[in-house]
Amino acid sequence: MSHTPDDILILLKTDEAKAFRWLFERYRDILMAYVFRIVNHAGVAEDIVQDFFVYLWTTGRLRSFEGDLDHFIFQAVKNRAFLYLKEDKKRQTADEAFAREQDLKTDASAEDDSRGIEELYRTINRLPEKCRQIFLMAVLDEKSYQAYAVKAVPCTYLLDEHNRVVAKNLRGKGVAEEDRGDNPSIIRRGFQSPQGQGS
């Protein structure tokens, strides 16, 4: 048996729990269908309707209500559905903005890495031939380039000149003091091999 809005309002004054059961039975399914048409998601529609009934029960909003119950209930649920859509749109906009920002950061970081590696290759290619060979052997074998230089350049003066040229070229490209000298690790980060450039 379907109870009218007036029956429910009258019963609220004497038996609130029973009146609320009548209210729930009368409105739940039709409210869910109504909200579903607005939000186009069954789970969300059910949540909105359930939350509305919880709100009515916990606040006692209908205890002293006078007026058109149908209009009040449908209007309140419609407002909640539109509020959900507004908040959901804000969340989507924020998520999209965050994703775009992350894409831009990733692109910029990849571009910076690429520019750094290209500059590294240009710097290495500007080294004198013997210096370049020693430097590349040291980087590939992960040993001190000075050990290779002693074998390849017998004269101490030329060895000192080799070290000066390498240090000057690296210093000009912003390589920190701790990454120069006998520690070619700064170069290894962006360098594979002369044959595998760009792979």
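I started with Arg26, which at 28% relative accessibility counts as partly exposed. The cut-offs I used are under 20% relative accessible area for buried and over 50% for exposed, with partly exposed in between (1.4 Å probe, protein chains only).

Notes on the source. The model is predicted, so I kept in mind that local features need pLDDT of at least 70 and side-chain atom pairs count only at pLDDT 80 or more, while totals for chains, interfaces and linings use all residues. Residues are numbered from 1 along each chain as its sequence is written, and side-chain values use heavy atoms, with hydrogens and water left out.

Entry 1, helix 2. I took helices as DSSP runs of H or I with at least four residues, numbered from the N terminus. Helix 2 covers residues 16–39 and bends by about 40 degrees at Tyr27. The bend is the angle between two fitted axes, one for the seven residues ending at the residue and one for the seven starting there. I then listed the buried residues of helix 2: Ala19, Phe20, Trp22, Leu23, Tyr27, Leu31, Met32, Val35 and Val39. After helix 2 comes Asn40, and I noted its positive phi, near 60 degrees.

I counted a side-chain nitrogen of Lys or Arg within 4 Å of a carboxyl oxygen of Asp or Glu. That rule gives six salt bridges.

Asp70 belongs to helix 4 (residues 69–126) and Arg26 to helix 2, so the pair ties together parts 44 residues apart in sequence. Asp70 is partly exposed, at 26% relative accessibility.

I found a salt bridge between Glu46 and Arg28, with 3.6 Å between the closest N and O atoms. This pair links distant parts of the chain, with Glu46 in helix 3 (residues 42–59) and Arg28 in helix 2, 18 residues apart. Glu46 is partly exposed at 31% relative accessibility. I also noted a network of salt bridges that links Arg28, Asp29 and Glu46.

Which residue forms a salt bridge with Glu87? I found Lys90, the closest N and O atoms being 3.7 Å apart. An α-helix has 3.6 residues a turn, so residues three or four places apart point the same way. Glu87 is partly exposed at 31%, and Lys90 is partly exposed at 47%.

Key: Helices (H or I, at least four residues) and strands (E, at least two) are DSSP runs, numbered from the N terminus.
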